[in-house]
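Thanks for coming, everyone. I'll take one structure today and go through its packing. Please have a look at it first.

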Amino acid sequence: MAYASKPFSPDLNRGNWEKPTDYIFACFGLALKLDIFVASYYFFFNMGIFGMVPYLIYMVIFLVPIMVIHSYMGQFSSSGFISAFRLSPVCKGMGYVSLILTITLLIYYAIFAAVPLLFMLNSFRPTLPWSCEAFKSWENDTIVKLSICNVIIAEHVAKESENETYISAIYVPSIVYFQSHFESFENDIGDYDISWHLSGLFALVWAMIAFIFYKFSEPAKFGKCIRYMVIGTVALLLVCFVRFLFLPGAHLGLKNYMTPSIEEFVVGISSTFIMALQAFGAGWGSVIALSSFNGFKTNIMSYSWIISFGQIFIYIMFGMVSFMLGHYLKGFTEPSFEAHVISDWMLFLATASALSSLGWPNLWTFIYYTMLLMAALIVITTQIFTILQSLFDEFEQLRAKKQEVTFGLIGGLAVCSLFLCTKHGVVYFATLSIDAIFSQTLLHLLLLLVILWIYGRERFQRDIKFMLGQPFASWKIFILRYVAPPALVICLVLEIEMCLEEHSYASAVIHVMAIMLLGLPILAIPGYGIYYFHQRPGSLSALFRATDWYPVEMEYRQQYGELVQHSDMTHQLFDGTEEVN
């Protein structure tokens, strides 16, 4: 770890986006983090389109102002989510927590690329393995095959209690097909046995990621790559949406999406706030790192609004697709307490069965899962990009070893992700996703404390006006200081309940992983503060002052130095930090 007293040495050769809009597309890509839909479907998805109403309220009073704060930290300092805390060095531990959170996500998120790759590769077979024709040949003593319309559904009948009441769990064939890649999915035998088929897919995923960084590691090239990938992903999503409109019952799904019940709306209001937190990326600090490649005068105010509306559009599109698919699958059985369609991972697993009933099923399977694969690759590569740039900004000695660090990180993540090739990992990884949401909310709360209280609202507003030439409204400051914190505290309480519920079903291994990867890292915040106090003895007020907080470009640095020359901030504006070692 770098000494707390060591002056910051900016990397003047780190580069910028090829186009200013590359920052917008990169942030659009953060909304493609689809594990929140898998892990929390029942928390907010049933709200339908009206779930966006509280989201819009959150966007005005919380999401956009905090996105401006994140963007300000990165753009003003031209630094990643660790070094940007030069603004308040005693709180730099928040940057290290963000680092660990992002790495934790990447350990399990490869599953969201491997599953689409599985269905993509099988789409080249003459007969889809989960189709009616192929499914008829399956033999499993625990499954009774029933033909409903032109789709075969596997029905598992379970005795509920001693009063002879039975519940039929109706499994979608594509889910049964995915489960067949493990030795046993119905009992505890072989929980930790690796599925070598799945591990091969993981290897292909990480090979794709390594190739992307081999060809597009520079910010300008990476931004261009992400720009085209995001455009391609959204275009394929629109194509799939139009095709799904012709599924039986799709119009009923859209109607339900547009007119949810009052009960569903009320239940979902608080959980929509959780969805809003996903705008900042998996590890919380993604926007800070991405904005650091903006030009110093980039209008992050207007960009934050564009990004928020673009992310809403992506959420709505996936919501409508899920509702159409859900109603299509539920149409194979009459609504009943005794029968329930198991359509887990609606967007990833159950959809394959719906696609198999279309004309040209192989083509549509390939198109749909290509879209999901691209979405996953965007999320993974963007998070790795922010990690790498944050490390290179903070640790000057790593800049000469960029290639070694890049592929070392990718290789380490590939090895750690093998846990997701086990039945146990596939079943319980969602618990870590819910725990990460709690950590992100806590970091948002602490960030408001750091920016608006420790650094100070006056300094923050002064910096924004200097950088953008326009003020940050005082009413937004009031909301962020006095309204957003109580809302975040309430959200933390709700998330604790969610975490406890998830962990009540999880195993001891997941409990330990959550403590090691998400619980203990929070201690880095007070831990780094203590370390910083030890390295820089002095008065308490001096320890909380910003150090080396200035624009990297000399022209703006000189202007900023003149602006704050009589302030209490400690700068090293003209100390020859331009030299790159």
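**Helices, burial and aromatic pairs**

Let's start with helix H1. Its buried residues are Asp22, Tyr23, Ile24, Phe25, Ala26, Cys27, Phe28, Gly29 and Leu30. H1 covers residues 21-30, and nine of its 10 residues are buried, so H1 is largely enclosed by the rest of the structure.

A word on what you are looking at. This is a predicted model. The chain has 581 residues, and 59% of them are buried. It contains 24 helices and four strands. Now take the contacts with a separation of 6 or more. Of those, 81% are between residues 24 or more positions apart.

Next, helix H5, residues 93-109. What angle does H5 make with H19, residues 430-468? The two axes cross at roughly 160° and come within 11 Å. Angles over 145 count as roughly antiparallel, so that is the label for H5 against H19. The crossing of this pair is left-handed.

Who touches whom? On the H5 side we have Met94, Val97, Ser98, Leu101 and Tyr108. On the H19 side we have Leu432, Ser433, Ala436, Ser439, Gln440, Leu443, Leu446, Leu447 and Val450. Sort the residues of this contact by type and you get 10 nonpolar, four polar and no charged.

An α-helix has 3.6 residues a turn, so residues three or four places apart point the same way.

H5 has another partner, H22. Here the axes are 7 Å apart, and the angle is about 140°. This crossing is right-handed. From H5, the contact uses Gly93, Met94, Tyr96 and Val97. From H22, it uses Ala524, Ile525 and Tyr528. The count for H5 with H22 is six nonpolar, one polar and no charged.

Stay with H5 for one more residue. Leu99 also lies in this helix. Is Leu99 buried or exposed? Its relative accessible area is 11%, and under 20% is the cut-off, so Leu99 is buried. Leaving aside residues up to four places away in sequence, Leu99 touches Phe81, Ile82, Ile387 and Leu391. Leu99 and Thr386 are 287 residues apart in sequence, yet their C-alpha atoms are 9.0 Å apart.

On to the aromatics. A pair of aromatic rings is described by the distance of the centres and the angle of the planes. How many aromatic pairs does the whole structure hold? The search finds 33. I'll show you two of them.

One is Tyr96 with Tyr528. The ring centres are 5.9 Å apart and the planes sit at 35°, so this pair is tilted. It links distant parts of the chain, with Tyr96 in H5 and Tyr528 in H22, residues 524-535. The sequence gap is 432 residues. Tyr96 has a relative accessibility of 11% and counts as buried. Tyr528 counts as buried too, at 5%.

The other is Phe112 with Phe348. Centre to centre, the rings are 5.1 Å apart. The planes make an angle of 70°, and the pair is edge-to-face. Phe112 is in H6, residues 111-122, and Phe348 is in H15, residues 346-356. Again the pair links distant parts of the chain, 236 residues apart. Phe112 is buried at 0% relative accessible area. Phe348 is buried at 1%.

There is also an aromatic cluster. Its members are Tyr72, Phe76, Phe296, Tyr455, Phe460, Phe466, Phe472, Trp549, Tyr556 and Tyr560.

Back to H15 for a moment. How many of its 11 residues are buried? The count is 11 of the 11, so H15 is largely enclosed by the rest of the structure. Phe348 is one of these buried residues, and Met346, Leu347 and Leu349 are among the others.

Last item, for contrast. Leu252 sits in helix H11, residues 250-258. With 44% relative accessibility, Leu252 counts as partly exposed. Where does Phe323 lie relative to Leu252? In sequence the two are 71 residues apart, and C-alpha to C-alpha they are 8.7 Å apart.

That's my tour. Over to you.

Notes:
Residues are numbered from 1 along each chain as its sequence is written. This is a predicted model: local features need pLDDT of at least 70, side-chain atom pairs count only at pLDDT 80 or more; totals for chains, interfaces and linings use all residues. Side-chain values use heavy atoms; hydrogens and water are left out. Axes are lines fitted to C-alpha atoms, for helices over the stretch in contact, and angles run from 0 to 180 degrees between N-to-C directions. Helices (H or I, at least four residues) and strands (E, at least two) are DSSP runs, numbered from the N terminus. Angles under 35 degrees count as roughly parallel, over 145 as roughly antiparallel, 65 to 115 as roughly perpendicular and the rest as oblique. A crossing is left-handed if the near helix is turned anticlockwise from the far one by less than a right angle, and right-handed if clockwise. Contact means heavy atoms within 4.5 Å. Ala, Val, Leu, Ile, Met, Phe, Trp, Tyr, Cys and Pro count as nonpolar, Asp, Glu, Lys and Arg as charged, and the others, Gly among them, as polar. Buried means under 20% relative accessible area, exposed over 50%, partly exposed in between (1.4 Å probe, protein chains only). Rings of Phe, Tyr and Trp (its six-membered ring) pair if their centres lie within 6.5 Å; planes under 30 degrees apart count as stacked, over 60 as edge-to-face and the rest as tilted.
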